Amino acid sequence: MVVDDQPMYRVGLTAILSAQPDMTVVADANDGVEAVRQNRTAHPDIVLMDVRMPNMNGIDATRQLISPIGTAHIPRIIMLTTFDIDDYVYAALRAGASGFLLKDTEPEQLATAVRTVAAGDALLAPSVTRRLIENFVDSRPAGLTSATVLNELTERERDVFMLVASGASNREIASKLYIAEQTAKSHVSRMMTKLQLRDRVHAVVLGYETGAIRPGKGATGI
């Protein structure tokens with residue numbers, strides 16, 4: 001589903017995506033209110049969501065689409081923004097978006113991004129997301145989310161969480177903890193399931209929200 005308040009941009013995105021052999025645009029919307037309504041019947045796998053729109057912006061719409069209370073169908077959301085470093089982007093990631101794209105992204109990159117998120121991966125490398133978040137979190141108090149959410153993790157899973165939240169890959173985690181890469185992957189999977197994280201990007205966000213990760217300092221426990 002394509003959500004944008006500019007008709008010409010919405011038509012352009014729809015044309016690009018419809019030309020892909022493995023994609024179908026099942027709906028479009030001109031604001032967040034319409035996006036939430038369309039989601040109930042169209043059931044898109046991916047939503048390309050503009051950040052700034054009238055009536056209901058993309059961030060508020062993302063919160064409603066991600067919430068299981070608000071809708072029975074939960075899509076993955078890619079935020080669209082004009083600026084690569086934008087305070088709205090951080091808020092969008094906190095709301096549950098799986099990443100973001102610049103509005104002038106090339107068609108081939110756009111299609112690749114949709115496939116990436118559809119496969120269950122985050123659109124951004126966690127290290128990129130970390131740099132973006134640090135631009136804003138350093139001016140906000142730490143501990144926006146209680147660190148008690150991490151208490152259900154085992155000691156090893158907590159170590160893994162700290163490393164994932166610092167932007168480490170499975171290979172880097174394995175090297176740091178002296179374990180096999182497949183073992184690291186299993187720990188990451190269990191950790192994300194326990195914390196109900198949609199992808200690794202949201203592990204980065206949670207790391208900052210709980211104060212486990214400090215801007216410019218990385219993981220406090222590793």
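Figure 1. Lys-103 is found in the loop that runs between strand S5 (100–102) and helix H5 (107–118). This is a predicted model, and every view in these legends comes from it. With a relative accessible area of 18%, Lys-103 counts as buried, because buried means under 20%. Look for the side chain of Asp-50: the side chain of Lys-103 makes a polar contact with it, at 3.3 Å. Setting aside neighbours within four places in sequence, Lys-103 is also in contact with Asp-4, Gln-6, Tyr-9, Leu-80, Thr-81 and Thr-82.

**Figure 2. Asp-4, in the loop between strand S1 (2–3) and helix H1 (7–18).** Is Asp-4 buried or exposed? Its relative accessibility is 0%, so Asp-4 counts as buried. A polar atom of the Asp-4 side chain lies 2.8 Å from the backbone nitrogen of Gln-6. Which residues does Asp-4 contact once its neighbours within four places in sequence are left aside? They are Tyr-9, Arg-10, Ala-29, Asn-30, Asp-50, Met-53 and Lys-103.

**Figure 3. Leu-13, a buried residue of helix H1.** Leu-13 has its place in helix H1, and with a relative accessible area of 5% it is buried. Not counting residues up to four places away in sequence, Leu-13 touches Val-2, Leu-48, Leu-80 and Leu-110. Take Val-2 as an example: Leu-13 and Val-2 are eleven residues apart in sequence, and their C-alpha atoms are 7.2 Å apart in space.

**Figure 4. Pro-107 and Ile-16, two residues 91 positions apart along the chain.** Pro-107 lies in helix H5. At 36% relative accessibility, Pro-107 counts as partly exposed. For the wider setting, consider the contacts in the protein with a separation of 6 or more: residues 24 or more positions apart account for 65% of them.

**Figure 5. The largest nonpolar core, with 25 residues.** Start with Val-3, Val-47, Met-49, Ile-77 and Met-79, which touch the most other members of this core. At least two core residues come from each of helix H2 (32–42), strand S3 (46–50), helix H3 (58–66), strand S4 (76–81), helix H4 (87–95) and helix H10 (200–209). Now follow Ile-77. Leaving aside its neighbours within four places in sequence, Ile-77 is in contact with Val-47, Met-49, Thr-62, Leu-65, Ile-66, Ala-97, Ser-98 and Gly-99. Elsewhere sits a second, separate core of 24 residues, with Leu-153, Met-162, Ala-174 and Val-188 among them. Across the whole protein of 222 residues, 48% count as buried.

**Figure 6. Helix H7 and the glycine that follows.** Which residues of helix H7 (residues 155–165) are buried? Glu-157, Val-160, Phe-161, Met-162, Leu-163, Val-164 and Ala-165 are. Just after H7 comes Gly-167, which takes a positive phi of about 95°.

**Figure 7. Two loop residues with a positive phi.** Most residues other than glycine have a negative phi. Tyr-178, although not a glycine, has a positive phi of about 60°. Tyr-178 lies in the loop between helix H8 (170–177) and helix H9 (181–195), and it is exposed, with a relative accessible area of 77%. Gln-196 is not a glycine either, and its positive phi is about 55°. The loop between H9 and H10 holds Gln-196, which is exposed with a relative accessible area of 72%.

**Figure 8. The largest pocket and its lining.** How much space lies in the largest pocket? It holds about 420 Å³. The lining has 16 residues, and those nearest the pocket's centre are Arg-94, Gln-196, Leu-197, His-202 and Leu-206. Helices H4 and H10 each supply at least two of the lining residues. By type, the lining divides into eight nonpolar, four polar and four charged residues. To place this view in the whole, remember that the protein has ten helices and seven strands.

Definitions and conventions. Residues numbered from 1 in each chain as written. Predicted model: local features only at pLDDT ≥ 70, side-chain atom pairs only at ≥ 80, totals over all residues. Heavy atoms only, no water. Core = buried A, V, L, I, M, F, W, Y, C linked by side-chain atoms within 4.5 Å. Buried < 20%, exposed > 50% of the residue type's maximum accessible area, 1.4 Å probe, protein only. Helix = DSSP H or I, 4+ residues; strand = E, 2+ residues; numbered from the N terminus. Contact = heavy atoms within 4.5 Å. 1 Å grid on protein atoms, 1.4 Å probe; cavity = no way out; pocket = protein on both sides within 12 Å on 5 of 7 lines; lining within 4 Å. Points joined across faces, edges and corners; volume = space filled by probe spheres on them. Nonpolar A, V, L, I, M, F, W, Y, C, P; charged D, E, K, R; others polar. Polar contact = N/O pair within 3.5 Å; in protein donor to acceptor, adjacent residues only side chain to side chain.
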